[in-house]
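This briefing sets out selected features of the structure shown below, grouped by topic.

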2 protein chains.
Amino acid sequence: MTILHGYWRSSAAYRLRIALNLKGLDYDQISVNLKDGHQRDAAHKALHPQGFVPVLNMDGEQLIQSPAILEYLDETHPEPALLPGSAADRARIRAYAAVIGCDIHPIQNLRILQYIRSEYGQDAEGVKAWCQRWISDGFGALEKMAEADNRSGPYLFGAQPTLADIYLVPQMYNARRFGVAVEDYPHLSAADEAARAHPAFEAARPENQPDAPEDGH
Amino acid sequence: MTILHGYWRSSAAYRLRIALNLKGLDYDQISVNLKDGHQRDAAHKALHPQGFVPVLNMDGEQLIQSPAILEYLDETHPEPALLPGSAADRARIRAYAAVIGCDIHPIQNLRILQYIRSEYGQDAEGVKAWCQRWISDGFGALEKMAEADNRSGPYLFGAQPTLADIYLVPQMYNARRFGVAVEDYPHLSAADEAARAHPAFEAARPENQPDAPEDGH
């Protein structure tokens, strides 16, 4: 059985839920409560030496790091392709993923926010300003990339959902949480809306997970 | 002609130099002086909407984001493989790359250090503490991953250099700059030493680049 150790609100776990759903793969979820710090429990760190989610148990393997796991899923279950097209197309799709997966998301990871709170005395407003800055920087670049690629939609890289959408949708969710004006990025907003209407993305939404609190917070 | 827009001290450009050398591909370099802020010039931002290096011009394509470009190089020039072995092996190699490429390097990127200086009033010591914290966190996890993988070396994932070493060596260079006790990570240190002795890595070293200042600073 495939088991996803995740958390309803984790962007990286959200990416894996979308990909597993797109590939039509069944999985069970084990919730690691990040709000209560259970990612730092010895039992979880035995699964993931960084003390992060997600961890995916699949095919007898224990896999960490969503960028690596997404490539694994696409290699072992090629249809539908998360990286369709030529090598250059694939590089463009992976570039969208990297802007989000390297230059936006990890900078507003929980441990970083905890550090700027405890070491630099930042309050909720300071944390929000920090997150908004890096999300806006990254979204500005992604919007220009989408303009230059000039695909006709509805998804970020054309007619079918790709790895780019798998990264975009959780980051847009996160951006709305931190009050980023997502409507300032029309290509990203349109692709996000199209993707969220897709059943694989819909089922992966944070609020649709078994560990999501009823009030959504 | 293949052209790498980079900078001698950029970790991400360093990764690409190693990969191009391993693949035996010739390239010219155009230096974008990050110290003087030329990455934010309009001419450079027309090449890279984030205002980052590297940019690779190759095969008539203009490619950004080193994680995407490294995969492109491996797809278009399969030998020697940067991701050898089974799908699970490849996922493990990519996990090393992701720990560095997502959870260490971008957090101590120049723009972040500039922000914690200007917004949080951090001096050189504060910046050093910030960098050391995220490098040590990541290296601690990588060392455990290497222990668990239990490969016999000399490289991080066994007998041949892989994508894992391409990420490791520039990050170790960076760690030494920020005074991290790299000897605390014996698997990483041994792999770094082996890789740096390889001609492809040797030629890619920051101090061996045409734009490196003579005093190495």
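In this predicted model, C102(B) is the residue of chain B that comes closest to the rotation axis, with its C-alpha at 2.2 Å. The axis in question belongs to the rotation of 180° that superposes chain B on chain A, with 0.0 Å of shift along the axis and an RMSD of 0.0 Å. This is therefore the relation of a two-fold axis. Both copies use the same surface, since 100% of the contact residues of chain B recur in chain A.

**Helix α6 of chain A**

- Helix α6(A) comprises 26 residues, 124–149, and at 1.5 Å a residue should span 38 Å; the 37 Å between its end C-alpha atoms agrees with this.
- Its buried residues include the tryptophans W130(A) and W134(A), together with C131(A), I135(A), G138(A) and F139(A).
- Further along α6(A), A141(A), L142(A), M145(A) and A146(A) are also buried.
- The buried residues of α6(A) pack against four helices of chain A: α4 (87–103), α5 (110–118), α7 (163–177) and α8 (186–196).

**Packing of α1 and α3 in chain A**

- Helix α1(A), residues 11–22, packs with helix α3(A), residues 66–76, at an angle of about 5°, and the axes are 10 Å apart.
- The two helices are therefore roughly parallel to each other, as the angle is under 35 degrees.
- From α1(A), the residues A12(A), R15(A), L16(A), A19(A) and L20(A) meet S66(A), I69(A), L70(A) and L73(A) of α3(A).
- By class, the residues of this contact are 7 nonpolar, 1 polar and 1 charged.

Technical notes. Residues are numbered from 1 along each chain as its sequence is written. Chains are lettered from A and ligands numbered from 1 in the order in which they are written. This is a predicted model: local features need pLDDT of at least 70, side-chain atom pairs count only at pLDDT 80 or more; totals for chains, interfaces and linings use all residues. The expected span of a helix is 1.5 Å times one less than its number of residues. A residue is buried if 20 or more other C-beta atoms lie within 10 Å of its own, exposed if 12 or fewer, and partly exposed in between; C-beta atoms are placed from the backbone. Two residues are in contact if their C-beta atoms, placed from the backbone, lie within 7 Å. Axes are lines fitted to C-alpha atoms, for helices over the stretch in contact, and angles run from 0 to 180 degrees between N-to-C directions. Angles under 35 degrees count as roughly parallel, over 145 as roughly antiparallel, 65 to 115 as roughly perpendicular and the rest as oblique. Ala, Val, Leu, Ile, Met, Phe, Trp, Tyr, Cys and Pro count as nonpolar, Asp, Glu, Lys and Arg as charged, and the others, Gly among them, as polar. Copies are superposed by least squares on the C-alpha atoms of residues with pLDDT of at least 70 in both.
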